Amino acid sequence: MKQLHIKVLVGLFLAAGVLAWGGARLWDSFGSLPSVPVAAPVVLALIAAVLAATAFSFRSRLRAQRERRPGAKGVEPLVAARAVIFGQASALVAALVAGLYGGVGVFLLTAGLETAPRRDQAIYTGLSVVAGAAVVAAAIFLERVCKLPEDGDGNGGVDAAR
């Protein structure tokens, strides 16, 4: 399984932001912008909370297992792999969604916030970007928690007796 790269997530965020900004300018020239749902930052925050809770749970369980505490409940490898895959997919989607809302938010800020609905939309887009960043941070933390320890032999796991 490949590790998440911040460069890919930032690239997705920026590409989606530029496209959303251009789309918002074009859409606004035809009339009014579609509204940003209030549920967008809420759903992203819930995903971030689930990922963070999973990461903290796995971290404590793995620490107890490493310290050989009696009654320590380990983490099944398949469960950990599924959690990491969910985290990576969530991070990619969150980077894309946060970029879309970020682009719309930049358009709203540059076009002016004279009316109350535009101010509300700018607030929702800002909260969505922050919640998307929280999803990315939680996914990266989960990935780091579930990462297997490196081999200490320095030869990539190849048997030294050969």
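**The first helix and its surroundings**

Author: Ile-6 counts as partly exposed because its relative accessibility is 47% (buried means under 20% relative accessible area, exposed over 50%, and partly exposed in between, with a 1.4 Å probe and protein chains only). The model is predicted, so local features need pLDDT of at least 70 and side-chain atom pairs count only at pLDDT 80 or more, whereas totals for chains, interfaces and linings use all residues. Residues are numbered from 1 along each chain as its sequence is written, and side-chain values use heavy atoms, leaving out hydrogens and water.

Ile-6 belongs to helix H1, residues 6-30 (helices are DSSP runs of H or I with at least four residues, numbered from the N terminus). The 25 residues of H1 reach 36 Å from the first C-alpha to the last, close to the 36 Å expected at 1.5 Å a residue (the expected span is 1.5 Å times one less than the number of residues).

One part of H1 is turned inward: Leu-9, Ala-16, Gly-17, Ala-20 and Ala-24 are buried. The buried residues of H1 pack against helix H3 (77-111) and helix H4 (116-145). Leu-9 shows this in detail. Leaving aside neighbours within four places in sequence, Leu-9 is in contact with Leu-4, Ala-91, Leu-92, Ala-95, Val-136 and Ile-140 (contact means heavy atoms within 4.5 Å).

Leu-9, Phe-58 and Leu-142 have the most contacts inside the largest nonpolar core, which has 23 residues (such a core is a set of buried Ala, Val, Leu, Ile, Met, Phe, Trp, Tyr and Cys residues joined through side-chain atoms within 4.5 Å). Helix H2 (39-66), H3 and H4 each supply at least two residues of this core, and H4 gives the largest share, eight residues. Another core, of nine residues, lies apart from it; among its members are Ala-20, Ala-24, Val-36 and Tyr-101.

Ala-91, one of the contacts of Leu-9, is found in H3 and counts as buried because its relative accessibility is 0%. Not counting residues up to four places away in sequence, Ala-91 touches Leu-4, Leu-9, Val-135, Val-136 and Ala-139. Ala-91 and Pro-70 are 21 residues apart in sequence, and their C-alpha atoms are 35 Å apart in space. H3 itself has 35 residues that should span 51 Å at 1.5 Å a residue, which agrees with the 50 Å between its end C-alpha atoms. Just after H3, Gly-112 takes a positive phi of about 110°.
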